[in-house]
Amino acid sequence: MRFTRVTLFVIALIIAVGFYQLTTVLLREAAPQTYQATEEVMVDVANLLAESVEEDLASGQLATKKLHRAFDGARLRHFEARIFNHVKHRMGLNVYVTDSRGIVIFDSQDGKRVGLDFSQRRDVGRTLAGNYGARSTRDVESSPSSSVFYVAAPIGDPASPAGVLTVFKPQLDVMPLVYERQRVIYAACGLIGAGIIFLIGAVFLWLFRPIGRITGYARAIERGERPARPKIGIGREVNTLANALESMRDALENRRYVERYVHTLTHELKSPLAAIRGAAELLDESMPEEIRRRFLANIRAETARSERLINRLLELSAIESRTRIEDPAPHDLGILAGIAVDQARPMADVAGVHLEYHAPPDPLVVAGDEFIMRAAITNLLENAIDFSPRGETVHIRLYRDGDHAVMTIRDHGAGIPPYATEKIFERFYSLRHHATGRKGTGLGLTLVKEAAELHHGTVSLENVTGGPGTLATLTLPLTTSK
């Protein structure tokens, strides 16, 4: 996943740099392009007004009063011109006129420029020379925002003009349009960038995040855990991968189960079969009746041990081959525990052990498989009976702890030796029973652990603090449905 994340980061970085460059170029060009559009309109206005005053200037009698009335009237006009999101309320255009020498003879701004020599100004000087004249000049040298645009047009013959008419407009008058255009650029680039980021995030959530979950699922299987198939959404590709991985897991585990149990069964049955065979061969010989009965009892004990081993293997294989409870149903754990205790009483009576069950006052509903949960409780009870001295009592208690049901089973045996603490739940690891001195199958506690994990619960076995015996604790999550 590191390469994937680095790739996504590089792609995001390239997109970010590209958008930064694009945005910078667009913003840099926004003001000049607006100024160019404004200048293009001012050229038309200048030439139109120059044509209107050409006849008056040629006769030597420029109608300055008429021009003043026109501009004064235009300034008094109240209008509301909406240009995109910018609203214009007043006229921002002014005019001054020079004669053929560049002397100002008319100024629409209260005549403050009349009489000044503008022949050296770029707009007037170039126009009198027969060229296109325009300039941008600051009214206040230290203030960029005080710039004014000037565009000139010749009056009369462009090659030898009788005068120059210049229209001028403050830069501040067009700045709202520049700001509006910049705002549109920011909004457009932001929306496109957000869309691309959303697309990258969607690809990550749609494809790479499920792959990460599938990877975690595979690693959990590798550690020997029993994880549920992760929720990976509706992507076809990742679901195909997850289904293939789960099918492969089932196939490999089924093969592993067969190999494991065949190997285990042959190994574990060697000892009882050898004992049965030896006893059977000796029974053919003449011997005292007491010794014969002892050999027969040994045959029966080893036969029972073999049968119990096979039954435990079948139960454990039925649980281990399942990765989850397919259709968990609600069950009252108190009722299941009561049934298991009743079924274990004959075994306890034979061993001379008493069972004392403290049932919960209210139902404790757990979602799961009835057979597996009852098998787990039964194995804990049988383990406690096997390791209890004759005449002692096994205490069974079931109670609620928050959103979990907790079952404790305490015996009064010798407890767990220190060397066996870490191995007690391992398959085929067992200690000698208190009464018979024989070892168990070593599968009962393994079955309990598998059953607890299958129901998202826990099981523990520890020595009782401050007294003899062992305390087994089975914890299962409660469900609200019943």
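Which residue stands opposite Y96 in strand 4? The second point below has the reply.

1. **Ground rules and overview.** This is a predicted model, in which local features need pLDDT of at least 70, side-chain atom pairs count only at pLDDT 80 or more, and totals for chains, interfaces and linings use all residues. Residues are numbered from 1 along each chain as its sequence is written, and side-chain values use heavy atoms, with hydrogens and water left out. The chain has 9 helices and 14 strands; these are DSSP runs numbered from the N terminus, helices being H or I of at least four residues and strands E of at least two. Of its 482 residues, 39% are buried (under 20% relative accessible area, with exposed meaning over 50% and partly exposed in between; 1.4 Å probe, protein chains only). The accessible surface comes to about 28,100 Å², and 57% of that belongs to carbon and sulfur atoms (Shrake-Rupley method, 1.4 Å probe; for residues, only the protein chains shown count as cover). Among contacts (heavy atoms within 4.5 Å) between residues at least 6 apart in sequence, 63% join residues at least 24 apart.

2. Five strands form an open sheet in the order 4-3-7-6-5, with antiparallel pairing (two strands pair if DSSP finds at least two bridges between them). Strand 4 (104-107) and strand 5 (134-138) are at the edges with a single partner strand each, so one side of each is left without a neighbour in the sheet. From one strand to the next, the twist averages 25 degrees (axes are lines fitted to C-alpha atoms, for helices over the stretch in contact, and angles run from 0 to 180 degrees between N-to-C directions). Strand 3 (residues 94-99) is joined to strand 4 by 3 bridges, and the residue opposite Y96 is D107. Helix 2 (residues 64-76) packs on this sheet, touching strand 3 and strand 4, and its direction makes about 30 degrees with that of strand 4.

3. **A residue worth a click: S147.** You will find S147 in strand 6 (residues 147-155). S147 is buried, at 8% relative accessible area. Leaving aside neighbours within four places in sequence, S147 is in contact with S136, T137, R138, P170 and Q171.

4. Another open sheet of 5 strands has the order 9-11-12-14-13, with mixed pairing. Its edge strands, strand 9 (354-358) and strand 13 (458-463), each pair on one side only. Here the twist averages 15 degrees from one strand to the next. Strand 12 (residues 404-410) and strand 14 (residues 470-477) are antiparallel, paired over 7 bridges, with A405 opposite L476. Helix 9 (residues 444-454) packs on the sheet, touching strand 13 and strand 14, at about 140 degrees to strand 13. Helix 7 (residues 333-351) lies across strand 9, strand 11 (393-401), strand 12 and strand 14, and runs at about 170 degrees to strand 9.

5. **Helix 8.** Because 13 of its 17 residues are buried, helix 8 is largely enclosed by the rest of the structure.

6. **Helix 4.** A188 lies in helix 4 (residues 175-222) and is partly exposed, with a relative accessible area of 36%. A188 and T23 are 165 residues apart in sequence, yet 9.6 Å apart in space, C-alpha to C-alpha.
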